[in-house]
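Here's a quick walk through the ligand sites and a few local features of this model. Have the viewer open while you read.

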Amino acid sequence: MTATLTPTAQRPAPAAPLVMEARNLVKKYGSVIAMNGADFELRPGEILAVIGDNGAGKSSLIKALSGATIPDSGEIFLDGQPVHFRSPIDARKNGIETVYQDLAVAPAMTIAENLFLGREILRPGPLGKLFRLLDKKKMHDEAVRHMQGLQFAIKSMKQPVETLSGGQRQGVAVARSAAFARHVVIMDEPTAALGVREGNMVLDLIRKVRDSGLPVILISHNMPHVFEVADRIHVHRMGKRAAILNPRVISMADTVSVMTGAINPADLSADMLAH
Amino acid sequence: MTATLTPTAQRPAPAAPLVMEARNLVKKYGSVIAMNGADFELRPGEILAVIGDNGAGKSSLIKALSGATIPDSGEIFLDGQPVHFRSPIDARKNGIETVYQDLAVAPAMTIAENLFLGREILRPGPLGKLFRLLDKKKMHDEAVRHMQGLQFAIKSMKQPVETLSGGQRQGVAVARSAAFARHVVIMDEPTAALGVREGNMVLDLIRKVRDSGLPVILISHNMPHVFEVADRIHVHRMGKRAAILNPRVISMADTVSVMTGAINPADLSADMLAH
Amino acid sequence: MTQPTVSTAAGPRRLQLPSLSTLGPLIALLIAVIVFSTQSPRFFSGTNFSLILQQISYTAVLAIGQTLIILIAGIDLSIGIVMALGGLVMAKLATESGLPAVLAILAGFLTTMFFGFMNSQIITRLRVPPFIATLGMLGIVTALNQTYSGSQTINNLPPALTALGNTFKIGGTAITYGTVLMLVLYLIAWFVLSETAPGRHLYAAGNNPEAARLSGIPINRLTVIVYTVAGLIYGIAALILVARTGVGDPNAGQTDNLDSITAVVLGGTSLFGGRGNVLGTLLGAIIVGVFRNGLQLIGIPSVYQSLITGILIIAAVALDQVSRRKS
Amino acid sequence: MTQPTVSTAAGPRRLQLPSLSTLGPLIALLIAVIVFSTQSPRFFSGTNFSLILQQISYTAVLAIGQTLIILIAGIDLSIGIVMALGGLVMAKLATESGLPAVLAILAGFLTTMFFGFMNSQIITRLRVPPFIATLGMLGIVTALNQTYSGSQTINNLPPALTALGNTFKIGGTAITYGTVLMLVLYLIAWFVLSETAPGRHLYAAGNNPEAARLSGIPINRLTVIVYTVAGLIYGIAALILVARTGVGDPNAGQTDNLDSITAVVLGGTSLFGGRGNVLGTLLGAIIVGVFRNGLQLIGIPSVYQSLITGILIIAAVALDQVSRRKS
Amino acid sequence: AQSAQPIIGLITKTETNPFFVKMKEGAATAATKGGAKLLSGAGKSDGDNAGQVTALENMVAAGAKTVLITPSDSKAIVPAIAKARAAGVMVIALDSPTEPVSAVDALFATNNYKAGQLIGQYAKKAMGSKKAVIATLDLFPGQPVGIARHNGFLQGFGTAGITATTTAQISTGVACAADSFGDQAKGQTAMENCLQKNPDINVVYTINEPAAAGAYQALKAAGKEKDVLIVSVDGGCAGVRNVKAGVIAATSQQYPLKMASMGVAAGITYAKTGKKVSGYTDTGVTLISDKPEAGVTSKDSKFGLANCWGQ
Ligand SMILES: Nc1ncnc2c1ncn2[C@@H]1O[C@H](COP(=O)(O)OP(=O)(O)OP(=O)(O)O)[C@@H](O)[C@H]1O
Ligand SMILES: Nc1ncnc2c1ncn2[C@@H]1O[C@H](COP(=O)(O)OP(=O)(O)OP(=O)(O)O)[C@@H](O)[C@H]1O
Ligand SMILES: [Mg+2]
Ligand SMILES: [Mg+2]
């Protein structure tokens, strides 16, 4: 028998099994089709940017991936295993942390409380285990530590979140996801409300997370940010994936053209596409 | 008598009287000082960008200018006249339209209803005048017209706003302010959630508004956007104005340095400053 | 997804029908009607239906006011007692003071409007939550009722005061003018809520008060108007009640706080404000009336009536959720 | 503005005191106490204060359950009737069935927990709004109460059932164990709400249910727990009531729906959920009790008691707003 | 310093029912005359035992040496009364007895069962040989007063097997039993529904006169007011006027003012002399009707108006 060599450039074997994969996701709201057969692939240790027009269905996609909505049809795999998230709790149990676009925060609660919402630090020993007593001091100190990394001008961790500025609020949501992820971090426009300095801090944070070995899904409209950190770019268009681009080759302008539909991805040279 | 010529570069007479001016605004929330003696000047027909770190007090400033909060002290002038806005209604009566950062929309109401909230189109004649009957058809058609200009993938004007994507929701708020302003348009991060294409549409819209003669206050963290449209840049820092920059002279990098405090504005060359 | 531009295909439907959220109660009502009809030969008749409408009429009118108030995220616990006072004023002035009936009625309206207005002042000026403001008003007006009337029912009212209790016939079924007035008020309320600017402002104020304020809707003024108009509506309810019972009764309306809120919530309006429909409230009121009438007609002992009504009310709303999850 | 980095200066205060929102009621309470003391020589005494605490004890305990429920943006209209049923079960089993008192009490607790649990099932599974679910339950349990008891009050309870009504002395003032139990329950509730994870989850669930869900808080499970625990609390209230009155009474608790909600709202908890404090509720309950006792002691005719109470309740909350605007 | 002025407490079932309001007025007048101070309290609604217990405690705390109470729940109030009596307070039940009757020092009351019996006997006679189709507009489930009057009426009408101690509401031979809550509007609704259920109804028993007025209103709307016999209990002035006007055929009149003034007088005596009253004093019930029936003792509406309570 003769071994036929497949040219690797044509069909490269993935470097490692996919961390997350979605096939043919569909979600309809009445006559509005938010996802129209969306595919998705996330590799280990990569920063995958997801970009697309407003209303392209990016948030709908990551809501499906994080268990926040249940798709009408389609499959999701985690580490190659099919999963059926019925709620965000399921996804979180699998170590998936998400920053939602509309910032899932409880406005009347403090920054520290919001940071640890749903996974409060409990007192050691039976006090924590049995009575689920909070370790407020530790939570406060940890909150200070997490937020300090992002350098927001926040006075006290005990300020209710509703009194924060738009960017500060986003900072809280970002700090939260980065602090707790064990498997995948999903961030839906984490830098939208951030200033230049704070935005760069968050990009640093994202890189740190990646360097610690966790893959990051970054949804963003900010092309410079995307090109600064992304390993691959997933372009979403009209409810499905239109292309996967290689930011080290393709230009920002061409990327935007693909995103808006001005360029057909089929017309791109092969090296501009990522796999 | 000898006339002494003052070098115009040093102390230029303002081209026209100021449209809006604020002096020494202060606003405290407990121990948090949101405005700490903030000054502000808006010239006729200009696009004034307001930039600054998160929590610098930009939103607090424009909330004071639009009547949404009442400052603890300080003065506000509209066309040279002191004004005391007790509520957004007062500001709006003076033709000031604002897009708030946290998008003041009613989620359960439709796009059309939100666009016209507080200034619905009434039926002509006594039906409208006396009974305040809505002209729903006209409102719908107008809504379609306004939103079409911004090209969001919105299916129907009768969708409740809560079903829209983040960017679409922002589009509604932006369309609204542009449609109704008669005197000043204030936009607090109008492009934060917008895609590349939609963001550019909004920049176009801002320019159109300016060209129609109305000054625009644009708060933004997006430096490319700021440099694309701004006539002058107001840098806000720690609750007050740190400098006014001239985007035609100063570089983006220097601007960011001023904003973050890395450069002291006093060290800038005179032409980099605007007046 | 779909088209990237705005679709103009679906032009505005001119009048919006009640939302889906009243579908469940509607189905429950239909089922109840069918069951009652098979169990009692006397249930399914124009006369009986006319009777049910008469029985619910004043509560249903009160519930219009309650709907307006709940839509702006308020609540009114003084609703029944203010109605009772309105009726008392009408009855007392028309009999003991010998005022012309029209003036007496007017005075009744002014009374109920005054207390609605007072509620709104306590809420907007003193910033007392509506629950507390109207609970306090309940205590205050209870005392006023008793002292004003000497706890006495007022009889022998002039015919003008009970005119709304008179009937006319449609195909052999006698219908009171009070019933017609109730239906007309519902139509007006529905029209105002969906077709006029103040109507929409009301929804906005309940849905997102901060957004409404920033949009230039004068929330406080709106609140004052809503509670005062509600007061006027209570006055009308009082007139319907007086016409129906033929007396001014200081103890009337004591169960109407809960009854009116029940009608509102059963009709699909959210207690948190901003979402709902006044025609749903009418449906809610009718459901309660039909249950009560039907259960009595088929001879269920009164102890079990509360049991069955409890189950039916839950079922009506649960049905709604099931039907919605299916669609 | 202030420092650009996070201040660590203000370390976490370990235990949070009741928020400012109860300041107004507190002032109102103080003023009331002073006025009553000058008007009646018998008002200001340990014995009388102990009496007031006894009088409010079961309503105040019920109001703990109501606070938990309102914090998650729910409401319970079946609160009084479920308590009554719990008391009946205890009394009947301990007398007619001759069960040991401990078992009878346990059965009562299980009963009230069961109906709390049922409420939660209707709310979470059938997705019926809490107002309707618990209103339906009110009807259902009303009927159960009457049929189970044959509308008869049950007397001659064994001493174990009324033990909470016994007193001990502190400096000459006799205090019932029921009062102590009430205060202990408040401390526990306050501690759980502010110091444990489930307590904070409750606030989050009421403040922003969607955020809570996305944060991985199991809202439905939490709802079930809250209503069931509230059921247990009603059982304890039933025991306190039975001990206080010495009977099992099918008609007990009828005014406790409104009374418990009043205590909660008066204590500064928002009816929209997510904001409030259980110690405020205790304050609210005490205020109502002090008003009632004081007005009765100084001999205000009962008609005017409702008038003055109404005014005082409004004033208490209004005062709060005034004091807050000043600060 | 305690003044010598005796303090007397009066606790009614509710503060709004005209019957109790009049009782309170009577007590207030008697107290003023006798130089006593009257404290008043009430339950929040009929059946609110806990509210009465609270009021009772407050009266004792206020220094009342005599408390007059119309028990909402004849059994449930007993332990609280025992406590008050143990503290040296004389407790007198007005209007309704406690169970056991001996729980109080004295009882000044109408016999509700007997009041029902009277109108039952009257109705039986008035119907003669005509077949009676009965509707009862009752109070609400589980109310002892309501049950006593209802059962008394049926017993008087001839239903077998009922005695004064029957605790369950009997509905043998009743075509339609509905709750009126003693409220005119609700009575009207109940009557309408009963008529719808059985148009042949020709005898209506009502728990009180407001319910009777409601029933009449419903009958009138149906054009049946002439053919139906309404009997009631209370004897308020408005009710007696309705007897006179032919709306109500007969009513059993009670004397709340008498109960109250007797109670206050006893209280003053106790304060002055330390002598308690005891036992049951029937303040009497009189059948009022303008169409007397042979064999049933009754007085006419003139007597009724002369002795009625209210205005
Ligand atoms: N609950 C819903 N009901 C109805 N339509 C919805 C709902 N959620 C999303 N949609 C629609 O689905 C489409 C995709 O929305 P999605 O939020 O996924 O877009 P997106 O790509 O995240 O946009 P953006 O960049 O603006 O955040 C939009 O047209 C939106 O109106
Ligand atoms: N209602 C409030 N109560 C307490 N503090 C507040 C309140 N509103 C604003 N602040 C504080 O005032 C400061 C300035 O807030 P502001 O919203 O004006 O900032 P900003 O410049 O708009 O920031 P961003 O760019 O993030 O939107 C922040 O530290 C914020 O926490
Ligand atoms: Mg999105
Ligand atoms: Mg801002």
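An oxygen atom of ligand 2 sits 3.1 Å from a polar backbone atom of A:Thr163, a polar contact in the sense of two N or O atoms within 3.5 Å. On the other chain, the side chain of B:Lys58 puts an N or O atom 2.7 Å from an oxygen atom of ligand 2, and for the side chain of B:His221 the distance is 2.8 Å. The protein covers 89% of the 640 Å² of accessible area that ligand 2 has on its own, with areas taken from the Shrake-Rupley method and a 1.4 Å probe.

Before going on, some bookkeeping: this is a predicted model, where local features need pLDDT of at least 70, side-chain atom pairs count only at pLDDT 80 or more, and totals for chains, interfaces and linings use all residues. Residues are numbered from 1 along each chain as its sequence is written, chains are lettered from A and ligands numbered from 1 in the order in which they are written, and side-chain values use heavy atoms, with hydrogens and water left out.

Back to the site: ligand 2 lies between chains A and B. It has 22 residues around it, and A:Ser165, A:Gly167, B:Lys58, B:Ser59 and B:Ser60 come nearest; a residue gets in if one of its heavy atoms lies within 4 Å. Helix H6 (166-180) of chain A, strand S2 (32-42) of chain B and helix H1 (58-65) of chain B each supply at least two residues of that shell. Helices (H or I, at least four residues) and strands (E, at least two) are DSSP runs numbered from the N terminus.

Now for ligand 1. Which chains surround it? Residues from chains A, B and C do, so the site is shared between chains. There are 23 residues around ligand 1, the closest being A:Lys58, A:Ser59, A:Ser60, B:Ser165 and B:Gly167.

| Residue | Atom in the residue | Distance to an oxygen atom of ligand 1 |
|---|---|---|
| A:Gly57 | polar backbone atom | 2.8 Å |
| A:Gln101 | N or O atom in the side chain | 2.9 Å |
| B:Ser165 | polar side-chain atom | 2.6 Å |

Here, too, the protein covers 89% of the 640 Å² of accessible area that ligand 1 has on its own.

By class, the shell around ligand 1 has seven nonpolar, 13 polar and three charged residues, and the one around ligand 2 has six nonpolar, 13 polar and three charged. Ala, Val, Leu, Ile, Met, Phe, Trp, Tyr, Cys and Pro count as nonpolar, Asp, Glu, Lys and Arg as charged, and the others, Gly among them, as polar.

The peptide bond from E:Glu99 to E:Pro100 is cis, with omega near 5°, and E:Pro100 is in the loop between strand S4 (90-95) and strand S5 (106-109) of chain E. B:Met238 isn't a glycine, yet its phi is positive, near 50°; look for B:Met238 in the loop between strand S9 (232-237) and strand S10 (240-245) of chain B. C:Asn156 has a positive phi as well, near 55°, and belongs to the loop between helix H5 (130-149) and strand S1 (167-170) of chain C.

Note on methods. A polar contact is a pair of N or O atoms within 3.5 Å; within protein, one must be able to donate a hydrogen and the other to accept it, and residues adjacent in sequence count only if both atoms are side-chain atoms.
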